[in-house]
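Dear colleague,

Please find below the structure that I am handing over to you. My notes on it follow directly after.

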Amino acid sequence: MRILIVDDHPIVASGCRAVLADEGEIEILEAADAEDGECVFIVERPDLCIIDINLPTVSGFELARRILERAPEARIIMFSMNDDPAFAARAIECGAKGYVSKTGDPDDLVEAIRAVGSGGTYLPTAIARSIAFAGPTLAQNPLSKLNAREMEILRLLSAGKSLSEIAWLVQSSYKTVANTSSIMRQKLGVKTSVELVRLAIDSGVA
């Protein structure tokens, strides 16, 4: 199996290699950001992708969207320091087949690779349980009104990016990004971009 790991921390890839050492013939491919990850995917066509949510430029969610737009059959596991069920739910909405927390049991990653690699899906038991019983709570989160593209633009706004920079990063036009920003303000009931950013920070997006 050929696995692409997209994470900007080399120690993560090293840790994955160690965890997978006993899993038979596995070739690890590496990338440190979304742009490199997309290029490696196009050239190498790995069997499975493990993508960190928090990448230096655009997020892992955006990278997953790009990969799945290009190859809907791609098998993706999202990897994150955050075990909040809202992030796992967002990963599933983006089309990921698995979600693993970096703070969880290392065996979770091995089980996820086995499950997703064989065409299945995977969520650690604790996260799956949290999602199952947090339905109303997740729905009450104002950010649940936003789709994946809107969440990505919100995250980049929170990181201090201008609309022009965001348009370049998400491979869209300035007009589209500006319109999306306006739609987000309407959905979330805020009037200015400053309020939008504050809401993102309070919700843990930034």
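Which helix gives the most to the lining of the second largest pocket? That element is helix 1, with five residues. Please note that this is a predicted model, in which local features need pLDDT of at least 70 and side-chain atom pairs count only at pLDDT 80 or more, while totals for chains, interfaces and linings use all residues. Residues are numbered from 1 along each chain as its sequence is written, and side-chain values use heavy atoms, with hydrogens and water left out.

The pocket

The second largest pocket holds about 200 Å³ of space. Of its 13 lining residues, Val 19, Phe 79, Lys 102, Pro 106 and Leu 109 are the closest to its centre. (On a 1 Å grid over the protein atoms alone, a pocket is an open set of points where a 1.4 Å probe fits, with protein on both sides within 12 Å along at least five of seven lines; lining residues have an atom within 4 Å of a point. The volume is the space filled by probe spheres set on the points, which are joined across faces, edges and corners.) Helix 1 (10-19), strand 5 (98-101) and helix 5 (106-117) each supply at least two residues of this lining. Helices (H or I, at least four residues) and strands (E, at least two) are DSSP runs, numbered from the N terminus. By class, the lining has eight nonpolar, three polar and two charged residues. Here Ala, Val, Leu, Ile, Met, Phe, Trp, Tyr, Cys and Pro count as nonpolar, Asp, Glu, Lys and Arg as charged, and the others, Gly among them, as polar.

Helix packing

The axes of helix 4 (residues 85-94) and helix 6 (residues 125-133) lie 9 Å apart, at an angle of about 90 degrees. Axes are lines fitted to C-alpha atoms, for helices over the stretch in contact, and angles run from 0 to 180 degrees between N-to-C directions. Helix 4 and helix 6 are therefore roughly perpendicular (65 to 115 degrees). Pro 85, Ala 88, Ala 89 and Ile 92 of helix 4 touch Ile 127, Ser 130 and Ile 131 of helix 6 (contact means heavy atoms within 4.5 Å). This contact has six nonpolar, one polar and no charged residues.

Helix 8 (residues 148-158) and helix 10 (residues 174-188) cross at roughly 95 degrees, and their axes come within 10 Å. Their contact has six nonpolar, two polar and two charged residues.

Yours sincerely

Key:
Parallel < 35°, antiparallel > 145°, perpendicular 65-115°, else oblique.
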